[in-house]
Amino acid sequence: MLQAIEGIYKDGKVELKELPSDISESLVIVTSFKSKKNHIKDQIMQFGMFSGNQQSTETDFEIAEFHGDSENSLDWS
């Protein structure tokens with residue numbers, strides 16, 4: 001007999017919302033939908049991972065700002 005029972009798959013386990021009737025053991029097929037994506041960060045670096053005692057200042061960012069490469073004669077403005 002085929003039964004459809006709602007459940008949630010989380011962390012490698014399936015939690016059923018209700019127990020199946022008259023079944024103590026059976027083969028199952030799990031079909032997922034409305035899945036939530038894993039929150040895997042695509043970033044290699046994270047904010048603060050290289051922070052130390054000295055924090056960056058506004059002047060540090062102005063010095064590091066890219067204003068074009070004078071050797072390639074492109075207009076970066």
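How many helices and strands are there in the chain? One helix and two strands. Starting at the N terminus, the order is β-β-α.

Some ground rules. This is a predicted model, where local features need pLDDT of at least 70 and side-chain atom pairs need pLDDT 80 or more, while totals for chains, interfaces and linings use all residues. Numbering starts from 1 along each chain as its sequence is written, and side-chain values use heavy atoms, with hydrogens and water left out.

Next, burial. Of the 77 residues in the chain, 0% are buried. Buried means under 20% relative accessible area, exposed means over 50%, and partly exposed is in between, with a 1.4 Å probe and protein chains only. The chain exposes about 8900 Å², with 53% of that from carbon and sulfur atoms.

Asp11 is not a glycine, yet its phi is positive, about 55°. Asp11 sits in the loop between strand S1 (7-10) and strand S2 (13-16). Its relative accessible area is 72%, so Asp11 is exposed. Asp22 also has a positive phi, about 60°, and is not a glycine. Look for Asp22 in the loop between S2 and helix H1 (58-64). Asp22 is exposed too, at 78% relative accessibility.

On to charges. There is one salt bridge, meaning a side-chain nitrogen of Lys or Arg within 4 Å of a carboxyl oxygen of Asp or Glu. Lys17 pairs with Glu6, and their closest N and O atoms are 3.8 Å apart. The partners are eleven residues apart: Lys17 in the loop between S2 and H1, Glu6 in the segment before S1. Both Lys17 and Glu6 are exposed.

Last, pockets. A pocket is an open set of points on a 1 Å grid over the protein atoms alone, where a 1.4 Å probe fits, with protein on both sides within 12 Å along at least five of seven lines; lining residues have an atom within 4 Å of a point. The largest pocket has a volume of about 1200 Å³. Its lining has 29 residues, and Ile5, Gly7, Val14, Val30 and Thr31 lie nearest the centre. S1 gives the largest share of that lining, four residues.

The second largest pocket holds about 250 Å³. Its lining includes Met45, Phe47, Met49, Phe50 and Phe61.

Methods
Accessible areas come from the Shrake-Rupley method with a 1.4 Å probe; for residues, only the protein chains shown count as cover. Grid points are joined across faces, edges and corners, and a volume is the space filled by probe spheres set on the points.
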